[in-house]
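Please read this report alongside the sequence and the coordinates.

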Amino acid sequence: MSISNSVVAKLLEVCEGWRPQMYFKSSLTALSHAMEDLVLTDSDRPLVIASFQRERYYRQEAHRYRRIAKKTNQVYVLAAPEAEFTNSSDVYETVAFESEDALAQEWHLVIIGQRYSSCLICREKIPTQEETKYNSAMDTNRRFEGIWTFDRTVSLKAAAILLARIATYRPELKSKIKQAHQIYLSASAQKATKKLL
């Protein structure tokens with residue numbers, strides 16, 4: 001199964017007034033690591049959803065997600081499989097999507113905690129032939145357009161979009177995803193969070 005709808009486009013559709021910004025891969029890596037480090041150093045037990053374009057990119061970060069999974073049981077990692085990545089429920093939930101899926105062009109990290117939330121929702125900007133001629137072929141020069149924010153409302157919407165995508169690929173996770181909605185995305189969870197702030 002392949003889904004052609006972009007998570008970035010959907011988020012921009014439901015979050016009026018937001019415009020995508022441009023990021024280079026090196027910036028996205030640094031932002032992602034900072035967001036992950038917050039989970040690793042805080043006592044909160046957040047919802048964490050990470051989407052990697054390819055299995056090889058996930059493999060570079062797998063050790064971080066094993067550590068994150070020790071902090072919370074609501075961790076979902078998505079990637080297009082290349083060798084060994086499959087749907088599984090081991091240390092955390094892994095979700096394999098087809099390489100033709102829109103997710104294969106996107107980079108996402110969403111963290112919803114009781115005291116903080118953040119999201120990084122980006123889509124790779126494929127260079128034109130003209131741009132390719134003048135730009136280096138270095139991986140770090142890859143450009144992405146999207147949103148990085150600590151805005152709780154936007155982060156909750158991003159989480160809901162990604163959880164819906166996960167439910168499509170892994171319908172057997174329906175009860176766990178429902179639990180995530182109740183704990184992190186429900187109106188009562190949002191009210192409880194506001195009281196903490």
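This is a predicted model: local features need pLDDT of at least 70, side-chain atom pairs count only at pLDDT 80 or more; totals for chains, interfaces and linings use all residues.

Residues are numbered from 1 along each chain as its sequence is written, and side-chain values use heavy atoms, with hydrogens and water left out.

**Helix H1**

Helices (H or I, at least four residues) and strands (E, at least two) are DSSP runs numbered from the N terminus. In helix H1, residues 7-14, the buried residues are Val7, Val8 and Leu11, where buried means under 20% relative accessible area, exposed over 50% and partly exposed in between, with a 1.4 Å probe and protein chains only. They cover an arc of only 100 degrees around the axis, which puts them on the same side of H1; the arc is that of the directions from the helix axis to the C-beta atoms. An α-helix has 3.6 residues a turn, so residues three or four places apart point the same way. The buried residues of H1 pack against strands E6 (106-112), E7 (117-125) and E8 (143-149) and against helix H5 (152-169), contact being heavy atoms within 4.5 Å.

**Aromatic rings**

A search of the whole structure finds 5 aromatic pairs. Rings of Phe, Tyr and Trp (its six-membered ring) pair if their centres lie within 6.5 Å, and planes under 30 degrees apart count as stacked, over 60 as edge-to-face and the rest as tilted. Two of the pairs involve Phe52 and are listed here.

| Pair | Centre to centre | Angle of planes | Class |
|---|---|---|---|
| Phe52 and Tyr58 | 5.8 Å | 65 degrees | edge-to-face |
| Phe52 and Tyr65 | 5.9 Å | 85 degrees | edge-to-face |

Phe52, Tyr58, Tyr65 and Phe85 form one aromatic cluster.

**Charges over rings**

The charged end of Arg56 sits over the ring of Tyr57, 5.2 Å from its centre, and Lys176 lies over the face of Tyr76 at 5.8 Å from the ring centre. The criterion is NZ of Lys or CZ of Arg within 6 Å of the ring centre and within 35 degrees of the ring normal.

**Ser155**

Ser155 has its place in helix H5 and is buried, with a relative accessible area of 0%. Leaving aside residues up to four places away in sequence, Ser155 touches Val110, Ile112, Ser117, Ser118, Cys119, Thr149 and Phe150.
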